[in-house]
Amino acid sequence: MAIVYTWEIVSLKTKNEVAGDGIVHANAVCQTYWKKIGTDENGVSGSFTGATPFSAADLTAEQFPAFDTLTEATVLGWIQAVVTGSYEEHVNSKIAEQIEESVSPVTDSDMPWV
């Protein structure tokens, strides 16, 4: 089963944070909420919703972009750099389970001897 994945940002939380160089970053992204959606070749989809925190505390002003210059691609890049290895395998397996359950649903059944 081939699954094509897409990502979206659901929401962001920000705060004023002092960076490693002592500069205060206004509206520094401190929490992201995201969704990864997988769709199989038959158009059946499943999704996984996650939350990933971030901090500007160890960054300099040059390393941390201003909030109003952020793009969805930039923030997704931050998230995708964290959602790797066994975590990504877990996310993808949960999506695949949802797709499989849509194709072959599991139902509660009465016991045949009742």
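1. Glu97 counts as partly exposed, at 39% relative accessibility (buried means under 20% relative accessible area, exposed over 50%, and partly exposed in between, with a 1.4 Å probe and protein chains only). This is a predicted model, in which local features need pLDDT of at least 70 and side-chain atom pairs count only at pLDDT 80 or more, while totals for chains, interfaces and linings use all residues. Residues are numbered from 1 along each chain as its sequence is written, and side-chain values use heavy atoms, with hydrogens and water left out.

2. Glu97 forms a salt bridge with Lys94, the closest N and O atoms being 3.6 Å apart (a side-chain nitrogen of Lys or Arg within 4 Å of a carboxyl oxygen of Asp or Glu). Both residues lie in helix H2, three residues apart, about one turn of the helix (helices, H or I with at least four residues, and strands, E with at least two, are DSSP runs numbered from the N terminus), and Lys94 is partly exposed at 31%.

3. The count by this rule is two salt bridges, and another pairing is that of Glu88 with Lys36, at 3.4 Å from N to O. This pair links distant parts of the chain, 52 residues apart, with Glu88 in helix H2 and Lys36 in strand E2 (residues 24–40). Glu88 is partly exposed at 29% relative accessibility, whereas Lys36 is buried at 2%.

4. Thr52, in strand E3 (residues 45–53), is buried, with a relative accessible area of 3%. Leaving aside neighbours within four places in sequence, Thr52 is in contact (heavy atoms within 4.5 Å) with Gln31, Thr32, Trp34, Ile79 and Val82.
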